[in-house]
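Visitor: Hi, this one is new to me. Could you walk me through it?
Guide: Happy to; here it is.

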Amino acid sequence: MYAIQTKQNRSFPGVVIAGGGVAGCAAALGAARAGARVLLLEEENAPGGMAGPGMLAKWMPGTRSPLREEIDRRIANSELAPPNRTEGLLNECLKDVLFQMLEEAGVELLLHTRVVDAECENGQSPVIVINSVSGMERIESPCLIDATGDGTAAVCAGASFEIGRETDHLCQGASLMFQIGGVNPDIQTLPESFNLPYPVPAGDLGALGREHLPPPAGHVLLHRTGKPGIICANMTNAVKFDFTDVVQKTRAEQLCWKQIRAIVPFLRRFVPGFENCYLAGTASRFGIRESRHFHGDYRLTEEDIISGRRFEDWIACGNFFPFDIHNVEGHGLDPAGKLNMTHHFYSIPLRSCLPVGMEGLLLAGRNLSATHKAHSSCRVMPICLNIGLGVGVAAATALRLGVTLRKLPIEPVHRELIRQGVIPPEEENNVRSGEPAGSR
Ligand SMILES: Cc1cc2nc3c(=O)[nH]c(=O)nc-3n(C[C@H](O)[C@H](O)[C@H](O)COP(=O)(O)OP(=O)(O)OC[C@H]3O[C@@H](n4cnc5c(N)ncnc54)[C@H](O)[C@@H]3O)c2cc1C
């Protein structure tokens, strides 16, 4: 007789992390390498989030990230990579590399495990409730990091937030990423940016997309995957949905499937090299660019990014990416976020990862406290890696010193981050030149 156990209790004497995307994995590695016990909870069957199950094909360039360098090095040496690999992230190798790194660091990983609730006694770290094939379990720990992207654990614990753009709460469009097979492997260039023309025999591909694809689809963004003949399409587009509502999220994903039915024949018809293309795979994780913005002790702003601000309590630095707001009402880019350039590395303070009024809880990744516009820069994966690493090290340091996160002296956090390969803001050449290509 097999009984589903309900609400077993356990106490974990270390850092518990909800969500094993890039930010959650980075937090786990940062905390474990700083000496903490770490439990990482992930609802998918592999780590990586948007970089793994989400099928994204490239790190946005420009940011300095020691973890990104380590992951890239390991992927480059992976026995699992295709011998004639192209440019591109190789999601399956990335998952494998993360599995190895987490294991080597001693991270206790639970897959197929969804954080479904969190309870918060005043002044205490949240107790989370997880659900898995084993049943429900409550886990108490001195420190919880929410790296779920949507901030599911933080919401349940009572952290306050707002959704999307400040004025009307609209969010950047979501995309179901998919891969296209049967593409001529010798193709030289791809339409990788909203900004650049891409001439094809019938005209400019961007204009053809706006004319022939069903709105709100309409832009044409294609990237190499690392696998010859397989291209990643960032072309589905679901706008004006609340992605924190499961009915709306489902409708949005259904809409993306409808778009895929039009996009594949469109590429076959118009793009040289795509004449025999087919749908090779879809992401198992729907690509949500924006949902909840939590209220943190500090909210990162557009000005902080433009000025390359160096916060004294930085936990992530060397960050660099332009504002990149996908149109919240249609295809293409929003006029407010047209990849306008910043010229500095910027840092992110610990305070942006501390939800107002909550103890023992940290935010990592795209759910940190930032304005709609600031978030459009710091949401990219290399910056989420940096945020996760910083938050993980901060959590481990607070546990080691036996202090609360708000009483945490920042110097030991910086010392550990530097030991883990971070170049501190005072040592970086802060003025950037050159423009990162593309938009995500
Ligand atoms: C369509 C799209 C295209 C993009 N393109 C690029 C690009 O080309 N380059 C780039 O650098 N950035 C890109 N970005 C931005 C970037 O991918 C994300 O902002 C970044 O990956 C966020 O990292 P994260 O770890 O915070 O969240 P995620 O990568 O979303 O990870 C969250 C993790 O938490 C898990 N999870 C969620 N809820 C629970 C729960 N309740 N219990 C347990 N686990 C849970 C998820 O399964 C997931 O693994 C893109 C984003 C999107 C949506």
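Predicted model: local features only at pLDDT ≥ 70, side-chain atom pairs only at ≥ 80, totals over all residues.

Visitor: Which domains is the chain divided into?
Guide: Domain 1 covers 5-164 + 291-427, and domain 2 covers 178-282. The bounds come from an automatic or database domain assignment.

Visitor: How many Å separate their centres?
Guide: Over C-alpha atoms, the centres of domain 1 and domain 2 are 29 Å apart. Their contact (heavy atoms within 4.5 Å) takes 25 residues from domain 1 and 25 residues from domain 2.

Visitor: And what area is buried between them?
Guide: About 2000 Å², with carbon and sulfur atoms giving 62% of it. Buried area here is the accessible area (1.4 Å probe) that two parts lose on being put together, summed over both. On the domain 1 side, Met55, Thr86 and His331 lose the most area to domain 2, together 29% of what that side buries.

Visitor: How many salt bridges are there between the domains?
Guide: The count is 2, where a salt bridge is a side-chain nitrogen of Lys or Arg within 4 Å of a carboxyl oxygen of Asp or Glu. The whole structure has 24 salt bridges.

Visitor: Which residue does glutamate 70 pair with?
Guide: Arginine 74, in a salt bridge of 3.7 Å from N to O. Both residues lie in helix H2, 4 residues apart, about one turn of the helix. Helices (H or I, at least four residues) and strands (E, at least two) are DSSP runs, numbered from the N terminus.

Visitor: New topic: where does the second largest pocket lie, and why?
Guide: Domain 1 and domain 2 both give residues to its lining, so the second largest pocket lies between them. Its volume is about 420 Å³. H2 (66-76) and strand E13 (222-224) are the elements that give two or more residues to the lining, and H2 has the largest share, 4 residues.

Visitor: What lies nearest its centre?
Guide: Of the 23 lining residues, Ala57, Lys58, Glu87, Gly88 and Glu192 lie nearest the centre of the second largest pocket.

Visitor: How do you define a pocket or a cavity?
Guide: On a 1 Å grid over the protein atoms alone, a cavity is a set of points where a 1.4 Å probe fits but cannot get out. A pocket is an open set with protein on both sides within 12 Å along at least five of seven lines, and lining residues have an atom within 4 Å of a point. Grid points are joined across faces, edges and corners, and a volume is the space filled by probe spheres set on the points.

Visitor: How many cavities does the search find?
Guide: It finds 1 cavity of 30 Å³ or more. The largest cavity has a volume of about 60 Å³, and its lining includes Thr86, Asn184 and Arg224.

Visitor: What's the phi of methionine 55?
Guide: Methionine 55 has a positive phi of about 65 degrees, although it is not a glycine. Methionine 55 lies in the loop between strand E3 (38-41) and H2.

Visitor: Is the peptide bond from proline 215 to proline 216 cis or trans?
Guide: That bond is cis, with omega near 5 degrees. Proline 216 lies in the loop between helix H5 (205-212) and E13.

Key: Residues numbered from 1 in each chain as written. Heavy atoms only, no water.
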